[in-house]
Amino acid sequence: MARRRALTVCSRPGCPNLTQSGRCPSCRQDAEQQRGTARQRGYDTEHEQRFRRAVLARDPVCVICHAAPSVHADHHPIDRRTLTANGHDPNDPAHGRGTCAPCHSAETARHQPGGWNR
């Protein structure tokens, strides 16, 4: 017989729902709707063709760990939303760095709103 995990309270502040881990399904759905689709967040063909390709060509090895191949073009030191709000071109490769998947996930969790440390 498989062991069951104990239920915990949803990780969203103020939500009393019980879940197996993290956010309850309702809070998870709300967060995804607020986040918007990739296209709504500005990740379109121009981003793919101009920003991502140029950043990965310039930084073929992760600029954080210097050990793994870059697979993500990360906006750094200013995030895409701030660049757009300040009137800068977020698809300019000068605003990016190449990172491996584990480093990109860790940086996103650490620095973006809604990350694990917020």
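Mentor: Strands are DSSP runs of E with at least two residues, and they are numbered from the N terminus. In this predicted model, Leu7 has its place in the segment before β1 (8-9).

Trainee: In what order do the elements of the chain run from the N terminus?

Mentor: The chain holds 4 helices and 4 strands, arranged as β-β-α-α-β-α-β-α.

Trainee: How is the span of helix α2 to be read?

Mentor: A helix is expected to span 1.5 Å times one less than its number of residues. Helix α2 (residues 45-58) has 14 residues and should therefore span 20 Å; the C-alpha atoms at its ends are 19 Å apart, which agrees. At Arg52, α2 bends by about 30 degrees.

Trainee: Which residues of α2 are buried, and against what do they pack?

Mentor: Buried means under 20% relative accessible area. In α2 the buried residues are His47, Phe51, Val55 and Leu56. The elements that they pack against are β3 (72-75), α3 (80-85) and β4 (96-99).

Trainee: What share of the residues in the chain is buried?

Mentor: Of the 118 residues, 26% are buried. As for contacts between residues at least 6 apart in sequence, 44% of them join residues at least 24 apart.

Conventions
Residues numbered from 1 in each chain as written. Predicted model: local features only at pLDDT ≥ 70, side-chain atom pairs only at ≥ 80, totals over all residues. Heavy atoms only, no water. Bend = angle between axes of the 7 residues up to and from the residue. Buried < 20%, exposed > 50% of the residue type's maximum accessible area, 1.4 Å probe, protein only. Contact = heavy atoms within 4.5 Å.
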